[in-house]
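Subject: Structure for your files

Hello,

The structure is below, together with its sequence. Please read the notes under it with the model open.

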Amino acid sequence: MTYKETTEYLYNSTPVFEHVGASAYKEGLYNTIELDNHFGNPHRRYKCIHVAGTNGKGSVSHTLAAILQAAGLRVGLYTSPHLIDFRERIRINGEPVSEQYVIDFVQQERSFFEPLHPSFFELTTAMAFKYFAEQNIDIAIVEVGLGGRLDCTNIITPLLSVITNISFDHMQFLGDTLAKIASEKAGIIKHNIPVVIGEYTDETRPVFEKKAKELSAPILFASDNKLIKQHTETDDGQIVYDTIDYGEICGELGGQCQLLNTATILSAITVLKDLGLHIEAKDVRTGFANVCETTGLMGRWQKLQSRPLTICDTGHNVAGWQILSKQIRQQECNVCRIVFGMVDDKDFEKVMAMLPEDAEYYWTQASTHRAIPVGKIADEGAKHNLSGKQFAKVEEAYNAAIADAAADDFIFIGGSSYVVADLLTAINK
């Protein structure tokens, strides 16, 4: 098989959550353990950091990877979803797994895994863990796929667990209260393994404290750990932090959500240093300043062009849009133009209620079966006095926004990871 045929086989023969939603979710770790045993428990051959949370997992995982890479470590990075190419999910020192490795893995192992009927994520996780072991990495940053307790990444015993935050998302799997969702995420906390909590509420903090106490796991709340004295935003969208331990740090990633992510990352670095990892201040500064180039991260308040200022962001749930909507409103511009679409497992009515009324909208839908039809998006927008045009494809909506825009306008593209994926795929044709 070619690489294209191989990825199509993976998408079409295994249930893919990104494509079909809930039917791809497999509760329990049976398949994961069977795959792990088959490959000789590869995740035990290197150190790990486990990252869970509703939002911020990607930014935290990539920045930690960039810092550890700057410190001279050979770093595996396992994240999801991908935006353009499947290989984005599995990287070592920023380099994606090769096409040939993906082909060989499927061809050589399908006789074993096909009778198991694993999900796409179960199989991809097994591939990543095996690849990391064969490539002799020093440490892996492993991002949870969904939840924590029953996520197939939860077979690892990490050096450190990180839970970025808790908000309402995937409630059909994780529960309908913040406390229930927090309990699922807290499932990654392990016996005697330290855990860093990024954000908490009065409802979620007791859940984390109780779980950590039960497992004798040292717990650190990043928002209590005042490591950032102040911050300023630069003209090109970066953030400069004045920190207690590392002096001035220039963060390449923009967006107000990064203020919370940075506090989490710095707290995680403090714990990792206490655990014996040799990380110098210059490594922290280098990692923050070069995270996108170092790790290949895309879609986090990503600037596509300056005039008109054009930004895309993968924020896709209520918690993410509480920050994004505020930031969009703060943009100084002549006309704000928003290319917007969502998928079907999100609380899109609540998100759309947050969108600014004084913007011009380009309603669209991503090329996934889970996309909310563009007509339904437009109808919901009309309920909130949001006016716009409808486009069947993200690329068409984006091109229309660019064509309509003056140099001093502001264009935002988002609402879903899949909208951003379609956009970046079109741009990179």
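The notes below cover a set of strands and a pair of helices.

This is a predicted model, in which local features need pLDDT of at least 70 and side-chain atom pairs count only at pLDDT 80 or more, while totals for chains, interfaces and linings use all residues. Residues are numbered from 1 along each chain as its sequence is written, and side-chain values use heavy atoms, with hydrogens and water left out.

Strands. Helices (H or I, at least four residues) and strands (E, at least two) are DSSP runs, numbered from the N terminus, and two strands pair if DSSP finds at least two bridges between them. Strand β15 (residues 360-363) pairs in the parallel sense with β14 (residues 336-340) over four bridges; here Tyr361 is the bridge partner of Ile338. β15 also pairs in the parallel sense with β16 (residues 388-390), over three bridges, and Tyr362 stands opposite Lys389 of β16. With helix α15 (residues 374-383), β15 and β16 make a right-handed β-α-β unit (with the strands pointing away from the viewer, the path from the first strand over the helix to the second runs clockwise).

Helices. The axes of α3 (residues 30-38) and α5 (residues 99-113) come within 12 Å and cross at roughly 125° (axes are lines fitted to C-alpha atoms over the stretch in contact, and angles run from 0 to 180 degrees between N-to-C directions). That makes α3 oblique to α5, because angles under 35 degrees count as roughly parallel, over 145 as roughly antiparallel, 65 to 115 as roughly perpendicular and the rest as oblique. Glu34, Leu35 and His38 of α3 make the contact with Glu109, Phe112 and Phe113 of α5 (contact means heavy atoms within 4.5 Å).

Regards
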